[in-house]
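Hi there,

Here is the structure I promised to pass on. Have a look at it first, and my notes on what turned up follow below.

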2 protein chains.
Amino acid sequence: MSETFLVVGGDAAGMSAASKAKREAPDRDVVVLERSEWVSYGACGLPYYVKGEIDSLEDLVAIPADRFREERDIDLRTGHEATAIDREDSAVTVGTDDGEEYTIDYDELLIATGAGALEPPIDGLDATDVFTLQEMDAGRQLKEAVETGEYDRIGIIGGGYIGIEMAEAFRGRDIDVTLFEMRQHVLPPFGTSSAETVEDELEDNGVDVRTGTRVEAIDGDGSVEAVRTDSGDVPVDAVLVAAGVDPNVELAEEAGIDLGPTGAIATDEYGRTNEEAIYAAGDCAEMTHAVTGEPAHVPLALTANRAGRAVGATVGGDPTPVGDIAGTAVLKAFDREVARTGILDAEELRAAGFDPVSVTITSASRAHYYPGGSEIEITLVGDADSGRVLGASMVGREGVAKRIDPIATAIQSALTVEDVEYLDLSYAPPFGPTWDPVLTAAKVLNGKL
Amino acid sequence: MSETFLVVGGDAAGMSAASKAKREAPDRDVVVLERSEWVSYGACGLPYYVKGEIDSLEDLVAIPADRFREERDIDLRTGHEATAIDREDSAVTVGTDDGEEYTIDYDELLIATGAGALEPPIDGLDATDVFTLQEMDAGRQLKEAVETGEYDRIGIIGGGYIGIEMAEAFRGRDIDVTLFEMRQHVLPPFGTSSAETVEDELEDNGVDVRTGTRVEAIDGDGSVEAVRTDSGDVPVDAVLVAAGVDPNVELAEEAGIDLGPTGAIATDEYGRTNEEAIYAAGDCAEMTHAVTGEPAHVPLALTANRAGRAVGATVGGDPTPVGDIAGTAVLKAFDREVARTGILDAEELRAAGFDPVSVTITSASRAHYYPGGSEIEITLVGDADSGRVLGASMVGREGVAKRIDPIATAIQSALTVEDVEYLDLSYAPPFGPTWDPVLTAAKVLNGKL
């Protein structure tokens with residue numbers, strides 16, 4: 001009898017692992033349990049779907065379920081939810097949408113249960129017209145609701161990626177938007193300079209940005225009437241809760257799988273948990289951060305895909321580390337691109353033993369004489385002791401999304417700021433000044449180290 | 001008496017060196033000899049000037065001559081040409097536009113004489129209506145000539161950067177263009193795949209591309225009538241010679257300064273020549289290539305700026321290596337961006353001791369569901385022995401210019417293809433698929449190594 005690789009969760013990490021394991025070891029039984037009807041979906045596309053730029057939820061799916069079953073020979077079971085792991089017997093209990101229950105034995109198990117929308121500790125979350133956007137069906141509900149035209153004013157709780165992308169989506173439908181962020185700035189991991197530019201961009205596009213504002217409750221009588229905050233009530237017709245995500249760790253925790261310091265599932269360099277035969281990958285699991293060498297929980301799509309694929313290779317017989325992360329991210333906020341990598345927060349860096357020094361410079365997206373250019377603002381952080389690059393953030397109207405990548409590469413290669421100053425980056429007048437903004441930032445920072 | 005740092009040549013390398021040396025050592029006399037009236041100009045902008053997108057030649061100047069003199073206290077002498085170096089006496093002979101001659105003593109000397117347009121061995125180059133585009137005044141002459149409206153058909157000799165950018169410039173003025181390239185493809189350092197896409201783009205925009213065609217002469221009676229080739233005559237009204245550049249090494253050579261294997265001036269890691277007190281930087285000098293560790297001559301703007309700045313720092317008392325180069329370059333060819341880094345040529349790589357393996361993949365500039373995306377084609381080359389990344393080329397309609405930079409960074413960091421596969425590059429639906437095209441190329445190549 002062939003061995004069984006059982007995967008719990010059929011999104012990025014789970015399907016990447018299943019596909020890779022089957023390709024590496026075609027004789028192995030690969031079974032995937034997915035509680036919804038959706039697999040391999042791009043939840044990152046939901047804001048654009050709600051905005052109306054993408055017609056159908058199906059468009060977001062990278063590979064349809066049938067192709068996994070037919071072309072890749074994966075036993076993919078949608079509508080099947082893993083409810084318990086029995087480590088002693090190497091078996092998982094499964095409940096189906098039809099109310100049935102069964103157990104399935106595994107030789108190796110991957111927990112890829114993802115993350116759910118974090119629920120802030122406020123009253124009124126169960127009202128009609130309160131939405132989250134972590135899952136596909138939630139996206140459909142929200143789109144259907146906004147398409148009725150009944151919402152004139154929406155409140156967004158949370159100034160992270162989803163909150164900002166959804167502000168753009170709602171404004172695209174001419175809905176008034178108030179965005180509440182309890183911290184002093186939106187996008188905290190991007191640093192203050194980039195965040196302020198994004199806040200200006202949001203305001204310029206008609207979003208009422210309320211930073212430093214704590215939401216206390218969603219008021220209303222069954223349906224939503226207002227967002228109550230520590231600085232007054234704001235009348236709205238609906239609320240999107242985008243306050244962050246929580247790793248889905250209940251299944252693992254109940255089975256005695258160790259969680260790490262971040263609250264996500266602890267893993268080793270191969271994505272293994274404290275149980276030899278059980279792996280975890282994706283939004284439910286920790287990864288090692290390239291800057292600190294410590295566990296971090298940065299749930300992003302590429303990390304999930306990559307860790308899942310590595311686990312699939314390992315299970316398939318080719319031991320493959322999941323690699324480290326730099327926390328690289330980019331988003332579009334109306335007409336701005338804003339990107340980040342590494343760690344910018346001085347307190348966090350000092351706690352990790354660094355002596356961070358930061359500069360913020362303004363450069364240009366094209367040669368000074370080439371028409372149509374615009375400003376790019378870069379914050380670059382380095383370590384005064386070692387000279388290492390620790391983090392960066394940038395914002396601009398063009399040429400930002402991929403300009404963060406050489407800095408991410410530098411961080412994962414442990415380059416110094418001086419090394420970055422000497423990178424041979426591309427130049428032509430339509431695409432930047434001779435000294436790329438990244439190089440200019442490194443030059444200025446190096447002068448301060 | 002304070003020491004004199006003498007700089008020959010007032011463009012990128014020369015003015016960077018002069019500025020940096022003066023900043024590091026304000027007491028030092030810094031003298032720059034520039035034979036033309038132009039300093040610190042962006043010759044890279046000339047195609048856009050001729051096209052008409054930039055009104056004035058002065059717009060191309062990064063910093064005007066007076067600012068160097070007044071704000072930076074540099075003794076900048078335009079219209080002064082260095083005609084001989086006397087190493088014995090540490091003195092340079094100078095001829096001025098007014099016909100005067102004098103000598104000037106130096107303590108340290110930088111040769112930053114740049115490169116000139118390479119003259120192909122053909123008859124007819126001295127005819128009226130034959131142009132080059134290496135210098136500012138040549139740009140002005142060409143623009144004035146095309147603005148007369150007398151040219152209906154122009155022939156371009158050479159399918160490198162300038163040839164292709166000028167094809168776009170002439171087409172923008174509705175002039176018929178025939179581009180002659182003696183090799184099998186345009187842009188040889190970019191590899192065949194990218195070159196073919198660029199050739200298609202040129203043809204789609206009305207450029208008659210004649211690859212594998214050797215120009216034998218420019219025919220005419222004083223003015224230009226036709227380009228004579230090994231496959232027939234092509235009638236034209238004017239010719240742009242863009243057959244590459246030659247380092248300006250006469251001054252150095254006559255003073256007994258060593259040239260390297262490329263024919264440019266040989267330098268050590270600080271940009272020093274075989275004479276302790278004499279440096280060379282910019283388009284006239286060699287640099288060390290990050291892939292081979294050997295001298296290379298890749299005359300580009302950033303290299304010149306950077307090497308000049310490093311020499312200025314060294315002369316100013318802060319010994320600073322000029323760094324290595326990856327040969328990174330990008331250009332815009334009508335609606336395509338095409339970029340490269342490292343070395344792609346298999347023969348060249350084998351000669352340097354590598355065992356190159358190459359893949360070409362096609363990916364996308366945006367998530368598959370996000371509107372407006374287009375194809376990005378990437379060729380990635382790695383070494384079968386060490387796994388190292390050796391070179392890359394890519395072409396697409398958007399998102400290419402800066403996507404080459406993480407690969408350039410990887411090459412200068414000696415990363416392997418597997419390292420690149422695990423880079424944490426940025427992702428959001430408007431800017432690429434979850435697996436960035438660079439990562440996909442690395443995945444596919446790694447599978448073949």
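A salt bridge here is a side-chain nitrogen of Lys or Arg within 4 Å of a carboxyl oxygen of Asp or Glu. By that rule, the count between chain A and chain B is 4 salt bridges. One of the pairs is K402(A) with D436(B), whose closest N and O atoms are 2.6 Å apart. Please keep in mind that this is a predicted model.

On the side of chain A that touches chain B, the elements giving two or more residues are the helices α8 (301-315), α10 (405-412) and α12 (437-448), along with the strands β21 (324-325) and β22 (329-333). Sorted by class, that side of chain A has 35 nonpolar, 13 polar and 14 charged residues.

How much area do chain A and chain B bury between them? The figure is about 5,200 Å², with 63% of it on carbon and sulfur atoms. In chain A, the residues that lose the most area to chain B are K402(A), Y422(A) and D424(A), which together make up 16% of what that side buries. K402(A) is thus a name to remember, because it also takes part in the salt bridge with D436(B), as defined above. In terms of contacts, 62 residues of chain A meet 63 residues of chain B.

Finally, the annotations. An unreviewed UniProt entry lists "domain: FAD/NAD(P)-binding" at residues 6-300 of chain A. That span is 22% helix and 28% strand, and its end C-alpha atoms are 23 Å apart. From UniProt (unreviewed entry) also comes "domain: Pyridine nucleotide-disulphide oxidoreductase dimerisation", at residues 334-432 of chain A. Residues 334-432 are 19% helix and 33% strand, with end C-alpha atoms 22 Å apart.

Happy browsing!

Definitions and conventions. Residues numbered from 1 in each chain as written. Chains lettered and ligands numbered in written order. Predicted model: local features only at pLDDT ≥ 70, side-chain atom pairs only at ≥ 80, totals over all residues. Heavy atoms only, no water. Contact = heavy atoms within 4.5 Å. Buried area = accessible area lost by both parts, 1.4 Å probe. Helix = DSSP H or I, 4+ residues; strand = E, 2+ residues; numbered from the N terminus. Nonpolar A, V, L, I, M, F, W, Y, C, P; charged D, E, K, R; others polar. UniProt positions renumbered as here; feature names shortened; annotations may be inferred.
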